[in-house]
Amino acid sequence: MTAPVVEGSGLSVTYGQRGHVHHAVVDLTVAVHPGEIVGVTGASGCGKSTTLRLLAGLEQPHAGTVRLGGADIWAEGRTPRPPRPGYVMPVFQDPVASLDRRWPIWRSVTEPLTVGRPRMSKQERMAAAREHLARLSLDHLDVRCLPTQLSGGQCQRVAIARALVAGPALVVADEPTASLDVTTAAGVTRVLREAADQGTALVIVSHDQDRLSVLADRILRMNRGRVVAEEVLRPLVHARRGTDE
Ligand code: ADP
Ligand code: MG
């Protein structure tokens, strides 16, 4: 079997102190492989967003290990060590939080292309931004706009373009289609599926069961910080992708 892109083992996160201890995530173990889309669902407050932050290396677990590309990212202490810059890209619930509000959108979308790669001119970056935004049906946008000039749904698609632009190994997305109308959400779903078909692993949080069923290969249901059920929707995917499991 191919090595997992991300592997969380025995993850726990506890908030609060002195009698008000709250277990946000409890002994959670999950592995996600290249090209796989894992959905995470459950009631509000069950630990979905915390789980995403753990898998993205944005929050340190109080117990357990997170491996990205096989390496324990917290092995050296309080600074996470991802395998390479841009290995994991997050898309947050609040789309504006994924973008720098002072930057024109061409700059946010193409920033992942500037890390460890040949230098691009501003013109090249603007052209690349237009190309990637077109895939999310945003070809009509002026790439010199600021995020504050866009609707929430447009911002979310810009954030998704940024997350996918440099071919990340893993994308974690928190309610990525929550602020979108049905047609736009379907377009975003298609783009996420294409990214998975090209080998990107995705972990997607949603309370929209129907949308997750369309998109995910596997759905984890959480309750009070634990995975309480796992539904495999597309068991043949690994075989189709030729893993020697
Ligand atoms: P979900 O995304 O499923 O709604 P979260 O992962 O955001 O759930 O939160 C899980 C639980 O942990 C909730 O009860 C929430 O209130 C609590 N929690 C999350 N983040 C913090 C924090 N930074 N400080 C204290 N409690 C938190
Ligand atoms: Mg949440």
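## How the domains meet

Eight residues of domain 1 are in contact with six residues of domain 2, where contact means heavy atoms within 4.5 Å. In this division of the chain, whose bounds come from an automatic or database domain assignment, domain 1 covers 1-83 + 203-245 and domain 2 covers 84-168. The C-alpha centres of domain 1 and domain 2 are 25 Å apart.

This is a predicted model, in which local features need pLDDT of at least 70 and side-chain atom pairs count only at pLDDT 80 or more, while totals for chains, interfaces and linings use all residues. Residues are numbered from 1 along each chain as its sequence is written, and side-chain values use heavy atoms, with hydrogens and water left out.

By class, the side of domain 1 that touches domain 2 has six nonpolar, two polar and no charged residues. Here Ala, Val, Leu, Ile, Met, Phe, Trp, Tyr, Cys and Pro count as nonpolar, Asp, Glu, Lys and Arg as charged, and the others, Gly among them, as polar. Across the interface of domain 1 and domain 2 there are zero salt bridges, a salt bridge being a side-chain nitrogen of Lys or Arg within 4 Å of a carboxyl oxygen of Asp or Glu.

## The largest pocket

The largest pocket is lined by 13 residues, and Pro 85, Gly 86, Pro 112, Val 115 and Ala 166 lie nearest its centre. On a 1 Å grid over the protein atoms alone, a pocket is an open set of points with protein on both sides within 12 Å along at least five of seven lines, a cavity is a set of points where a 1.4 Å probe fits but cannot get out, and lining residues have an atom within 4 Å of a point. By class, the lining of the largest pocket has seven nonpolar, two polar and four charged residues.

Terms used
Chains lettered and ligands numbered in written order.
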